[in-house]
Amino acid sequence: MSLNLELVNITKRFGPTLANDHVSITAHGGEIHALLGENGAGKSTLMSILSGRYQPDVGEIRLSGEPVRFTSPAHALARGVGMVHQRFMLVDAFTVAENVCLAAGGSPLLDLKAEAARIRELSDRFGLDADPDRPVHTLSMGERQRVEILKLLRLGARVLIFDEPTSVLTPTEIERFCQVLKTLRQEGRAIVFITHKLEEALELSDRISILRRGRLVAHTTPAEAGGKRNLARMMVGREVIFAIDKPAVEPGPEVLRLEGLTGGGDPARPAFSGVDLALRRGEVLAVVGVAGNGQTELAEALAGLAPLTAGSVSFEGARHEAKAWAAAPKDALAYVPEDRHHEGSVPELSMTHNYLLTRLSAFTRGLLLDWTGGAEATRKAIERFAIKAEGPHQPSGELSGGNLQKLLLARELSRLPSVLVVQQPTQGLDIGASEDVWKSLLEAREHAGVLLVTGDLTEALTLADRVAVIFAGRILGVADVSDPDQVARISPMMAGVRQ
Amino acid sequence: MNDFAFLLSLTLKSSMAVLLAAQGEVLSERAGVINLGQEGMMLMGAFIGYLVGYLTGNAALAFAAAGLVGSLLALLHGFFAIRLGANQLLSGIALSILGAGLANFMGRGFIGKPGLRVGEWPIPVLSDLPMVGKAVFGQNALVYVAVLVTVAMWFALSRTRWGLTVRACGENPTAADAMGAPVIRTRFTAVALGGFLSGMAGAYLSLVFTPGWKEGISAGQGWIAVAIVIFSGWRPLGALAGSLFFGFLSALQFFSQATGNNVVPLYILRILPYVLTILTLSFAAALGRRGRAPAGLGKPFFREH
């Protein structure tokens, strides 16, 4: 029977979050299969199940028709299913040959010369161009990736899974990688790669599966996909699912103005450039884009966490040059980062601790912290935001994602900021928690302008008054949500099409 | 015997305890576990080695018992450092204190009692060589064992699959785990074997070097072994060189005492190894940053889920 790997009806739940909901896909030998979806859509979970890291709650995996259960990545690899992680699993201090040897097993005495010969042979056959004697820490990211591929091939992998394979590569390296994938396909291997880049899926793959919020929403081929625009629509979802009450708020004065803002990433290749945006009190301005187009860096730079190289930020009646912004006073700017578990909070500390982290000045009496007042304020926040928790003393790491997000919002809103920057506020949250978060964001308009960075178009259209689309670090356009014609232009712009 | 041969012989004799302990520490640290309990393991090894020698008169048994007690103490450290992911420095220091206290407590009644004394074991023919023959090949058996251990350690770490696994666990346990290496088991094995060598190192002191039991018999050699490991760049052959250097400094003391030749004042010679140890440990962080320390050294490993 020909090589194929089927995932049938896979369901995986983490606490209240349904990461994969009855997903079925099949990877065939001699084919490249792209798994497309936004961050948090459940792609990585699905591939972790495929490669033996997680066990599915429901569903089954079949390898060439035969049901299999992979108990560990090593077990999956023994059956010929291997994964190249986004973070490479290589020992930097070892040479290529030593790394391969470590993975490949064999006789008790090392024979690195024989291994090197085998590596050269595989390397030539698949065009991997790997020098077995070079230490890994001297290799570029692209070379390291090829070593990972080599490792899998050496171990006899027939199904190769790649997690965001191009995210760490330079454009030349990406071209190189595509060549390697095509060679692998020619040799009859089955390839699955996870991506959120539409062009890649269209150019490289034979089949495309699209995941959104844990569910398989479409299964197509590059020919049938109907172009980038359609693919983007399927990936982010356009229909407004939840009608939530959005009271009108009279727009107030302008609270934030960005002019020609450039920065993020390394100075030679800024993550975003020439960004002009203005935000008024009482409005929600969404910045949407497919992940990796500079929106994360833009939000971080506004919070003072990423460098700015050119342009200016006007805030609180003062105009700050790009380089001076990081050090400018930002008491009235609140920021809720994308990674609520590690960047937005300290999981080991109590809720009170976490609540006080950005509010230290308000809860300091002389040299001492006002713990009683802090705990009281946290308790009130728990009540007001309906956070499910044992009490202010509970470590915030024990909270579910939704409750933690509500705590962070409560904390930031209690500062009565004039600008609130939020990133992916409902990523990974269930519907109930998402709605609570949305309500809080709408309430924040009373005293603030809200800059909402999101990859979820539904969320942007539900909350925002205006939607700015960012592509390759530039704002391609700003659409007024009340104008259907302008809204229709958002999806194409997310794929880089300007009309 | 001429002065040179005398000095060489003394150097070898004085280096072996520190050499064995350093090899044990090299193994443990290459697997990613710092064990600062060297002093405690050596003292317990010294006492148990002395005790078993005193009771049985059997040198092999005495060394085996000393090694085992070293292993047991090392496994205690391993339990905290590897299984529970505790701070390795603290756990190691605690082990040092525990071993020293326990050895002193149990050994109180034995101070000054003559025990087993392991004599020299000249190798035929080689020891009759002119000049250095007697100094190098007329040594006690443990000197040969320690040198063999060093060569074996070098071979195991650089030429065997097990050594590759040990190094991978010390460099990047997450990657090692992903490649199917048993990280926890490998770390425990390395720590236990390292402890065995430290225990033997202690017994060398109480059975060969200065036979008999006295409190603080190791005189800080456990710490010197740790310093040598860092100074040697975590390499078995480097540790041999470092140990010989330490042995040479010690030998100079005996030499100048024996010959009355005081070119360098004796008290300077006495403090020199300790000063060098303190300097090495002070710059340990900087030496580590030069990229020679195992990248995963001191970091507990747990599989993330």
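In which strand of chain A does A:Asn4 lie?

Guide: A:Asn4 lies in strand β1 of chain A, residues 4-14; helices (H or I, at least four residues) and strands (E, at least two) are DSSP runs, numbered from the N terminus. The model is predicted, and local features need pLDDT of at least 70, side-chain atom pairs count only at pLDDT 80 or more, while totals for chains, interfaces and linings use all residues. Residues are numbered from 1 along each chain as its sequence is written, and chains are lettered from A and ligands numbered from 1 in the order in which they are written.

A:Asn4 is partly exposed, because 17 other C-beta atoms lie within 10 Å; a residue is buried with 20 or more such atoms within 10 Å of its own C-beta, exposed with 12 or fewer, and partly exposed in between, C-beta atoms being placed from the backbone. Leaving aside residues up to four places away in sequence, A:Asn4 touches A:Thr26, A:Ala27, A:His28, A:Gly29, A:Ser64 and A:Ala190, where contact requires C-beta atoms, placed from the backbone, to lie within 7 Å. A:Ala278, by contrast, is 274 residues from A:Asn4 in sequence and 52 Å from it in space, C-alpha to C-alpha.

Chain A is assigned domain 1 (4-236) and domain 2 (254-494), with bounds from an automatic or database domain assignment. The C-alpha centres of these two domains of chain A lie 34 Å apart. Their contact takes 13 residues from domain 1 of chain A and 14 residues from domain 2 of chain A. On the domain 1 side, helix α8 (residues 227-236) of chain A gives the largest share, four residues.

Chain A also meets chain B, in a contact that takes 16 residues from chain A and 17 residues from chain B. On the chain B side, α7 (161-171) and α8 (173-178) of chain B each supply at least two residues, and α7(B) gives the most, with six residues.

Helix α3 (residues 96-104) of chain A packs against α7(B) at an angle of about 105 degrees, with axes 10 Å apart; axes are lines fitted to C-alpha atoms, for helices over the stretch in contact, and angles run from 0 to 180 degrees between N-to-C directions. α3(A) is therefore roughly perpendicular to α7(B), a label for angles of 65 to 115 degrees, with under 35 roughly parallel, over 145 roughly antiparallel and the rest oblique. In this pairing, A:Glu98, A:Cys101 and A:Leu102 in α3(A) meet B:Leu164, B:Thr165 and B:Ala168 in α7(B).

Notes
Two residues are in contact if their C-beta atoms, placed from the backbone, lie within 7 Å.
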